[in-house]
Amino acid sequence: MCGIIGYTGPLPANGILLDGLKRLEYRGYDSAGMAVMDGSRMKVVKRAGRVGLLEDLVGGLMGHVGIAHTRWATHGGVTDANAHPHTSCDGMIAIVHNGILENSEELREELIGRGHRFTSETDSEIIAHVLEEELKGVEKEELVAALLRTVRRLEGSFAFLAISPLLGDVILAARKDSPMVVGVLPDAKIPASDVLSFLKWTDDAYFMENESVALMTPVDIEAWLFDGTPLDVRPVKVAVEVKGEYGGGDVHHTLKEIREQPMAVRRALEQDGELLSELAGLMREADRVYAVGAGTSYHAALVARYMFAGIAGLEVQPVLASEHRLFSGWIGDGSLVMAISQSGETADVLEAVRVAKARGAKIVAIVNMPRSSLERMSHASVNIRAGPEVGVAATKSFTAQLAVLAALAYHVAGRPIDLDGERVGSLIEDVLAQEGSIERMVEGIKDGRDVYLVGRGMHYPIALEGALKMKELAYIHAEGMAAGELKHGTLALIEGGTPVILLNPSDDTYKETLSNGEEMKARGAFIMGISDRSSDLYDVHIELPRTRGYETPMVEVVPLQLMAYYTALLRGAEIDKPRNLAKSVTVK
Ligand code: M6R
């Protein structure tokens, strides 16, 4: 989590950094700050609160070199003091950091013992003090060695940027297990946590290697691995997928992204057939296939289990990335791990992949952000091509993941893909056409304390996904349930007026789910049926278009996203940036 950005070049740094921070804010939004250097003077402003609060403060920051940060608190509360940048005791070095230092307690004690004074509770401030020690008295040609000594003293994950009046227009950068990419212009460099923050200026990007450091001036970048090996710095063009539809507009990003799903699914299904066949071959050869993900991407892994079993008779074991240890012991050189991630930067997923790779597994990434850490760690990858997803709640990336996973399953089966992008896109459009009635319908749940989402078979992971949307967007406790499990406990919670969303498309799960709905209705539940068939059971019916087979999950999740969105709107929740969350979860 946390977004960092720097600038060294001919233009005033403050405007570029502020604009970049706004685009990075999805990574964390507890506090924000900026440091800008003007010759020998460095000024820092920082505040608890949203990036917008900085707007009035940064006007006075003059200079052409600067760094900035948007925070998602890990160590230390949300206070002005804990906001970044942090400075060394003499105020001559400023740093911004994304990640978590695991040896912060020991280092802090050591540094305090040597007379350093800390002004925050963060682990990040340590970097400023370690750099202060390492940079003391070094000549220009010794700078790299000093930076390498610094990173070798740090344990954990980090991407940091540092500036100092002692270094002129140089920005120091380092990364280990947290992302860092540099926007490259002939006369300026913009290091940042992701490309979205500098795309306005350039689509030439240098993706820093993991465990490497870099020194950049407006006209040059030099980089080295932590062991001192110099690196060949080769910028690449950022793929068009990233440029995509990123932009403001007058609705929330989340709603815009929900509405983009017809396009997202169509594009997701326009894949390179040869690549999918190659991956299918690897899957067929593997002894065991795992699908690893977190949050929504884990729900895609759960749906994948049904898809691969149903389409290709292949057993895929879904694994929660943060719980991978349970499975790691079984992973070996015959295993294949499908790592599913929108961002490709989720720390738990990267960790699971690292462990699996070390045990000899083949890694296949299903990812939305091209050139993400995950893509670069994997043996092969498929881009789901959903375009930038800015709302913290995953929406179009989920449907695009499902489309790609189904297509891959058909390749494993060696059968033509029985899924047409145009058709699925228009089925989703049919659901989107009901946006108005869904908006009116959620009046009935907006004041509720709990909501239950119930489904069977592959509709069960969709119920889990709908519940996650309701929790993170509307802040309502929501529980996704396997319909058959209700009578094993949860039914005790159903009483007069309890809202239940019943996922009940007319497939082989239909009749049993309907009976489970009856059981809840008999206990007074208020049933909102999502189905292509009407029934007296439903107090409210959201009509699904008639779907076939594996089209269904991509279509039935859309009303759930809309319900969560409009409930959140009625409750006045912060939709694009829900409290306590961040888009890219880069801490374990
Ligand atoms: O970028 P990833 O797909 O790896 O992210 C995984 C989760 O952090 C993410 O899906 C999260 O649960 C979303 N907020 C869900 O809407």
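Author: Buried means under 20% relative accessible area, exposed means over 50%, and partly exposed is in between (1.4 Å probe, protein chains only). Keep in mind that this is a predicted model, where local features need pLDDT of at least 70, side-chain atom pairs count only at pLDDT 80 or more, and totals for chains, interfaces and linings use all residues. Residues are numbered from 1 along each chain as its sequence is written, and side-chain values use heavy atoms, with hydrogens and water left out.

Reader: Why does Phe-327 count as buried?
Author: Because its relative accessibility is 15%.

Reader: How many aromatic pairs turn up in the whole structure?
Author: Rings of Phe, Tyr and Trp (its six-membered ring) pair if their centres lie within 6.5 Å; planes under 30 degrees apart are stacked, over 60 edge-to-face, and the rest tilted. Here the search finds 5 aromatic pairs. One of them is Tyr-290 with Phe-327, edge-to-face at 6.2 Å centre to centre and 70° between the planes. That pair links distant parts of the chain, 37 residues apart: Tyr-290 is in strand 16 (residues 288-293) and Phe-327 in helix 10 (residues 325-328). Helices (H or I, at least four residues) and strands (E, at least two) are DSSP runs, numbered from the N terminus. Phe-327 and Trp-330 have ring centres 6.1 Å apart and planes at 70°, so they are edge-to-face.

Reader: Which residues do ring pairs link into a cluster?
Author: Phe-158, Phe-160 and Phe-226.

Reader: Where does the charged end of Arg-108 sit?
Author: A charge sits over a ring if NZ of Lys or CZ of Arg is within 6 Å of the ring centre and within 35 degrees of the ring normal. The charged end of Arg-108 is over the ring of Phe-118, 4.4 Å from its centre. Likewise, Arg-579 lies over the face of Tyr-475, 3.8 Å from the ring centre.

Reader: What is the average pLDDT of the chain?
Author: pLDDT is the predictor's confidence in each residue, from 0 to 100. The protein chain averages 93, and 98% of the residues score at least 70. Over residues 244-250, though, the pLDDT is below 50; beyond near neighbours in sequence, this stretch has 16 contacts in the model (heavy atoms within 4.5 Å). Where pLDDT is low, the predicted coordinates should not be read in detail.
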